[in-house]
Number of protein chains: 4
Amino acid sequence: MSAATTVRLLVICRDRPGIVSAVSGFLADRFANIVDAEQHSTGDRFFLRVEATLADDDPERLRADFAAVAAAFDMEWRLALPDADKPVAILVSRYEHCLVDLLWRFEQGELEGRAALVVSNHPDLASRAESLGIPFRHIPVTRATKPDAERELLDALREADAQLVVLARYMQILSGPFLSALGVPVLNIHHSFLPAFAGSGPYQQAIERGVKVIGATAHYVTEELDDGPIVEQDVARVTHRETVDDLLRIGRDVERVVLARAVRWHLEDRVLVDAGRTVVFH
Amino acid sequence: MSAATTVRLLVICRDRPGIVSAVSGFLADRFANIVDAEQHSTGDRFFLRVEATLADDDPERLRADFAAVAAAFDMEWRLALPDADKPVAILVSRYEHCLVDLLWRFEQGELEGRAALVVSNHPDLASRAESLGIPFRHIPVTRATKPDAERELLDALREADAQLVVLARYMQILSGPFLSALGVPVLNIHHSFLPAFAGSGPYQQAIERGVKVIGATAHYVTEELDDGPIVEQDVARVTHRETVDDLLRIGRDVERVVLARAVRWHLEDRVLVDAGRTVVFH
Amino acid sequence: MSAATTVRLLVICRDRPGIVSAVSGFLADRFANIVDAEQHSTGDRFFLRVEATLADDDPERLRADFAAVAAAFDMEWRLALPDADKPVAILVSRYEHCLVDLLWRFEQGELEGRAALVVSNHPDLASRAESLGIPFRHIPVTRATKPDAERELLDALREADAQLVVLARYMQILSGPFLSALGVPVLNIHHSFLPAFAGSGPYQQAIERGVKVIGATAHYVTEELDDGPIVEQDVARVTHRETVDDLLRIGRDVERVVLARAVRWHLEDRVLVDAGRTVVFH
Amino acid sequence: MSAATTVRLLVICRDRPGIVSAVSGFLADRFANIVDAEQHSTGDRFFLRVEATLADDDPERLRADFAAVAAAFDMEWRLALPDADKPVAILVSRYEHCLVDLLWRFEQGELEGRAALVVSNHPDLASRAESLGIPFRHIPVTRATKPDAERELLDALREADAQLVVLARYMQILSGPFLSALGVPVLNIHHSFLPAFAGSGPYQQAIERGVKVIGATAHYVTEELDDGPIVEQDVARVTHRETVDDLLRIGRDVERVVLARAVRWHLEDRVLVDAGRTVVFH
């Protein structure tokens with residue numbers, strides 16, 4: 001390994017006196033340089049993210065050594081290694097704005113990782129991926145074919161070695177068994193300021209309720225629809241003048257930046273999930 | 001009447017060709033000067049607000065004449081006269097930030113009208129009103145005394161000739177019969193970005209859901225809790241670092257400006273309500 | 001002409017009593033339906049935008065007839081016709097985010113008009129235009145060749161019949177004589193919240209000054225650098241954590257939406273310029 | 001001292017490998033519990049803030065012991081103790097919105113410290129302070145009396161033992177010698193988004209330039225006018241509709257929250273100043 005191996009240590013545990021001392025003491029000798037360190041405590045729960053270069057350039061030894069500290073404090077933890085080639089799969093239906101934006105950001109190097117596969121239940125957006133040399137898979141889904149489609153999707157994602165799956169306006173609900181079998185995080189963009197307007201047609205719902213602010217929510221996908229841990233949200237002001245088409249247009253601009261931020265933070269190992277909520281060290 | 005009588009004509013009706021022509025033609029001769037004119041059409045519904053000085057300084061004649069135009073187009077309409085002395089009543093429980101802010105804005109002349117009465121179900125905030133020379137009424141409410149309390153409240157509001165009632169963090173639900181008997185608009189500030197987190201304890205709910213943006217909503221009060229037409233909303237970003245106390249503090253700053261805007265727009269006759277939604281000409 | 005000819009009447013003049021009456025009376029008979037009407041008065045200056053379908057479908061007759069009203073009130077005015085094919089030229093140097101975003105929005109039909117030509121002083125972005133079938137011209141500029149380059153640019157823009165020129169991070173200053181000869185509006189995106197950080201390197205300047213908010217400004221180009229009428233601005237919060245590279249990234253997201261809004265409003269004839277400032281009826 | 005002595009350690013120094021290890025190692029034994037810890041590195045400069053309860057409850061011993069670590073790394077550092085009674089002086093001229101808001105926040109316990117003195121060059125706002133039991137000093141300033149006035153002001157601030165001076169729309173420029181003699185931080189609220197519209201009349205300047213966003217800036221006062229380190233900024237959108245009076249009103253709402261945030265962060269020892277810029281750990 002090179003002289004500049006960078007690692008990211010992520011820790012979640014019950015907060016109690018002595019924990020920072022123990023971790024600090026442990027890290028003091030092993031880290032050549034701390035690039036970034038953030039911690040958070042709710043009083044009850046403790047969260048830590050340290051990005052550092054290693055003194056002895058051996059992440060495996062660090063991992064083995066840290067296990068003892070972790071056990072003493074009953075920590076949930078992982079040691080992540082930045083990977084500019086981490087494969088990311090993007091699922092999309094017919095709205096292309098989030099897909100186009102993510103592919104552009106991967107291309108620009110804004111996101112740590114690479115777009116390794118695009119899957120859609122419609123064939124329409126094939127050229128958006130293929131023109132950039134990214135494999136595109138059309139996997140149609142009907143009520144009848146859903147189990148088969150999910151099996152095909154699972155195979156495709158495994159084959160691509162996807163470490164993150166991004167639902168970039170993918171209009172199909174993924175089943176619990178599929179999510180369990182997949183075993184990697186799934187990020188979704190919902191086109192409302194959750195928990196307001198969960199479910200379908202949020203912009204139509206927003207018009208009907210007469211809200212003055214609309215929003216978008218990027219969240220991890222869990223079995224329960226639109227209820228997973230929220231990673232990022234943002235909003236835009238609207239008035240009575242806006243039609244549903246205007247909300248769709250304004251919403252596109254909010255959705256794509258909210259999703260892009262969530263994907264970026266996830267790929268940089270900045271998001272910790274605990275009890276259905278996130279701690280985002282950005 | 002003086003040579004500068006200002007009126008505000010507010011119109012809602014079904015949109016159809018010819019309506020602007022008819023109104024424009026009518027007004028052309030009668031208005032000495034248009035100060036402000038805004039219209040909005042949803043395609044289906046038409047909304048108009050004109051603020052103007054009268055050519056002949058007789059609002060009653062204008063009112064009588066306009067009735068014919070209004071009848072032809074089946075308009076819902078009113079002719080409002082600005083009134084710097086319009087009595088406004090403020091209801092409050094124990095949180096004082098909205099009350100203090102509104103009283104200060106009335107004092108500064110930011111709001112068209114005057115704080116004529118403060119009512120609370122607790123005695124705590126009496127001095128906030130009385131130190132400014134504004135009458136304060138303590139009307140306690142328990143489940144048992146609620147009907148009596150509402151009767152007393154109704155009498156107090158009528159006696160003060162309140163043209164608008166503002167619930168500035170008033171923690172009691174007003175009954176349908178009370179609202180009907182009252183017969184003047186009631187504005188409420190809800191400490192969440194409705195329809196998210198309706199009901200009680202919205203900041204606690206926000207923490208539990210892990211949202212990244214909190215908000216406040218000013219809306220007209222209807223019989224159905226937290227479901228009246230929204231006049232204004234605004235938001236503030238939060239992170240995992242914020243405790244419920246932090247949200248309360250950040251929320252106070254959002255609540256008071258959102259409520260103040262809604263009260264200002266209402267008092268300047270800028271808010272039209274149609275089918276449970278508002279058109280705000282600001 | 002079809003039965004649904006839509007026109008946009010734009011008026012600027014000195015405000016005085018009677019002007020709205022005169023215009024309203026004139027329009028009342030000629031407009032079949034008012035789609036949108038907005039006016040603004042500073043007390044001193046009067047601004048009007050009416051979008052309407054014509055009763056007799058003859059914009060030329062309306063134009064001729066309105067001239068008399070306009071003369072009586074010494075109006076600056078124009079009658080614009082929506083044109084989904086209005087040619088727009090985009091000038092760019094090496095940063096592609098605004099170009100890519102604008103081309104995508106034209107493709108999606110978000111902007112009224114079409115990207116008719118892309119010109120750059122560098123060859124790098126040719127494929128961004130050509131892959132969409134849009135002509136790309138590489139016109140290099142050095143201090144020595146600037147007059148020739150501007151002549152070539154002028155010819156290219158005229159040949160494309162460009163009705164609007166958008167500087168989408170074009171890093172050359174256009175000379176006064178060029179702007180005069182061109183005779184069509186030029187919109188620029190400046191990557192700061194003007195008038196803060198005019199000139200070059202605004203993000204570096206922002207870091208050095210330690211600001212907590214950065215922004216972008218879309219403005220019409222005049223002879224004086226970064227001093228033309230502002231059409232739109234927006235901002236993003238930053239902290240001490242952001243490096244210049246972070247500001248560049250965050251700034252890209254702000255720049256592209258600010259420029260896109262300005263282009264959209266301009267193409268929909270929503271922007272009126274008076275005394276170096278804009279009135280934007282959106 | 002009680003068993004829960006809380007301290008805040010603030011460090012600025014040149015960044016170099018080993019610094020976090022050294023500090024962590026030192027603190028590990030001495031801190032009973034880390035409440036909050038944040039660090040920041042620009043690559044070149046290193047910043048640290050740790051809030052913690054002491055293991056042995058003796059801040060003086062910690063201070064003495066840490067001096068050795070600090071010397072080894074050539075640190076600029078201080079050990080601050082939270083003080084709910086820290087005396088704060090507020091200087092004001094005639095605009096009362098920031099003063100009223102700050103006094104209310106001190107009263108509510110939102111700010112760590114107490115309003116110990118209000119000084120004004122006008123007598124108008126005496127009752128705002130005195131009605132809350134806070135001493136008010138009227139110290140008029142004319143060009144001729146300025147040196148005397150500053151001497152009187154200095155005496156008053158020293159007498160009140162002011163640890164922070166807040167200029168809450170104080171319209172006098174404080175001289176360099178005065179600032180040097182004072183020797184405590186001075187926070188100012190400037191009613192524009194600096195560096196745009198420095199100097200006087202920023203809202204008038206904003207109208208003239210036709211900006212679409214206005215702002216406010218809280219900064220430490222240095223000898224050079226409006227050029228001190230920025231602590232906080234925020235903005236509000238405006239349109240062509242807003243008059244100077246509207247900007248004043250909208251600006252008041254922005255100014256008071258921006259100043260309140262800066263004062264809060266300062267009093268909680270969250271602001272570090274280095275090379276004319278701030279690091280704000282909030």
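**Entry 1: a salt bridge between chains**

I looked up the pair B:Arg237 and A:Glu232, whose side chains meet in a salt bridge at 2.8 Å, N to O. I noted the rule: a side-chain nitrogen of Lys or Arg lies within 4 Å of a carboxyl oxygen of Asp or Glu. Across the interface of chain A and chain B, that rule finds six salt bridges.

The model is predicted, so local features need pLDDT of at least 70 and side-chain atom pairs count only at pLDDT 80 or more, while totals for chains, interfaces and linings use all residues. Residues are numbered from 1 along each chain as its sequence is written, chains are lettered from A and ligands numbered from 1 in the order in which they are written, and side-chain values use heavy atoms, with hydrogens and water left out.

**Entry 2: the A–B interface**

I counted polar contacts next (N or O atoms within 3.5 Å; within protein, one must be able to donate a hydrogen and the other to accept it, and residues adjacent in sequence count only if both atoms are side-chain atoms). Chain A and chain B have 21 residue pairs in such contact, both at pLDDT 80 or more.

Which element gives the largest share of chain A's side? It is S11(A), with seven residues. I sorted the residues of that side into 14 nonpolar, seven polar and 12 charged. Here Ala, Val, Leu, Ile, Met, Phe, Trp, Tyr, Cys and Pro are nonpolar, Asp, Glu, Lys and Arg are charged, and the others, Gly among them, are polar.

The contact (heavy atoms within 4.5 Å) takes 33 residues from chain A and 33 residues from chain B. The two chains bury about 2,800 Å² between them, 52% of it on carbon and sulfur atoms. Buried area is the accessible area (1.4 Å probe) lost on being put together, summed over both parts. In chain A, A:Arg209, A:Lys212 and A:His240 lose the most area to chain B, together 25% of what that side buries.

**Entry 3: a sheet in chain C**

I traced an open sheet of seven strands in chain C, ordered S7-S6-S5-S8-S9-S10-S11, with mixed pairing. Strands are DSSP runs (E, at least two residues), numbered from the N terminus. Two strands pair if DSSP finds at least two bridges between them.

I checked one pair: S8 and S9 of chain C run in the parallel sense over three bridges. C:Val165 has C:Val186 in S9(C) as its bridge partner.

How values were computed: Helix = DSSP H or I, 4+ residues; strand = E, 2+ residues; numbered from the N terminus.
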